[in-house]
Amino acid sequence: MIKEILLQAAAASYRATVPAGDYWMQVVKAGQTLRILDREGNQAADTLFYNAVDPSERYSAVDTIREQGNVYLTAGTPLLSNLGNVMLEITADTCGRHDTLGGACATESNTVRYALEKKCMHACRDSWMLAVVSHPEFGMSKRDITHNINFFMNVPVTPDGGLSFADGISDAGKYVEMLAHMDVIVLISNCPQLNNPCNAYNPTPIEVLIWN
Ligand SMILES: [Zn+2]
């Protein structure tokens, strides 16, 4: 569902560019609105959410899908935790669909999906691992890497129940916004993937904005 809220970028309290292949990890406080902007189009932002007070509570794709009765995420979707609490709610979306089934790219999946020689290519899971070891203040480790959302990524479920990584439906300037219902640690890997059409074989920067 396309829903636009005209928050003014100039009024944002925070704005940062995240290059492709880099990560962004910060706390977004309850009541703040987070925007992820697909600056050049056809990018994928592989994102994890944790309760900032206790990161063992984290985003759950299973609970989110079951409660809304839809495998795709868009405006109006409450993003639920493994404890059934609303962590954030998608309040605006100019892309219209986001994936939470496909998982993040990893060196292992690069090998299975593409070729053995793709194993050493940079993947989202590497960026997440670098993020958690670079930010010991959050008390997280490899074991905390779990379900994620692939913002802007188009992963249609096929009629026979499979998943297909399809050409992106996002475009330059499309964005998604979420209102935080609790203090959340947000960990985004701006996907460096070069082997599938999720980012048009050309990873590009995203932007992160926060309004109080
Ligand atoms: Zn990726």
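Tutor: Phe152 is placed in the loop between strand 7 (149-151) and strand 8 (174-180). Strands (E, at least two residues) are DSSP runs, numbered from the N terminus. The model is predicted: local features need pLDDT of at least 70, side-chain atom pairs count only at pLDDT 80 or more, and totals for chains, interfaces and linings use all residues. Residues are numbered from 1 along each chain as its sequence is written.

Student: Why is Phe152 called buried?

Tutor: A residue is buried if 20 or more other C-beta atoms lie within 10 Å of its own, exposed if 12 or fewer, and partly exposed in between, with C-beta atoms placed from the backbone. Phe152 has 28 other C-beta atoms within 10 Å, and is therefore buried. Phe152 also has a positive phi of about 75°, although it is not a glycine.

Student: What makes Asn42 count as buried?

Tutor: Asn42 has 23 C-beta neighbours inside 10 Å, so it counts as buried. Asn42 lies in the loop between strand 3 and strand 4 (45-51), and its phi is positive, about 60°, although Asn42 is not a glycine.

Student: How do you know that strand 1 and strand 10 pair?

Tutor: Two strands pair if DSSP finds at least two bridges between them. Strand 1 (residues 14-18) and strand 10 (residues 206-211) have five bridges in the antiparallel sense, and therefore pair. Within this pairing, Thr17 stands opposite Glu207 in strand 10.

Student: What joins strand 3 to strand 10?

Tutor: Six bridges join strand 3 (residues 33-38) to strand 10, and the two run antiparallel. Thr33 stands opposite Trp211 in strand 10.

Conventions
Helix = DSSP H or I, 4+ residues; strand = E, 2+ residues; numbered from the N terminus.
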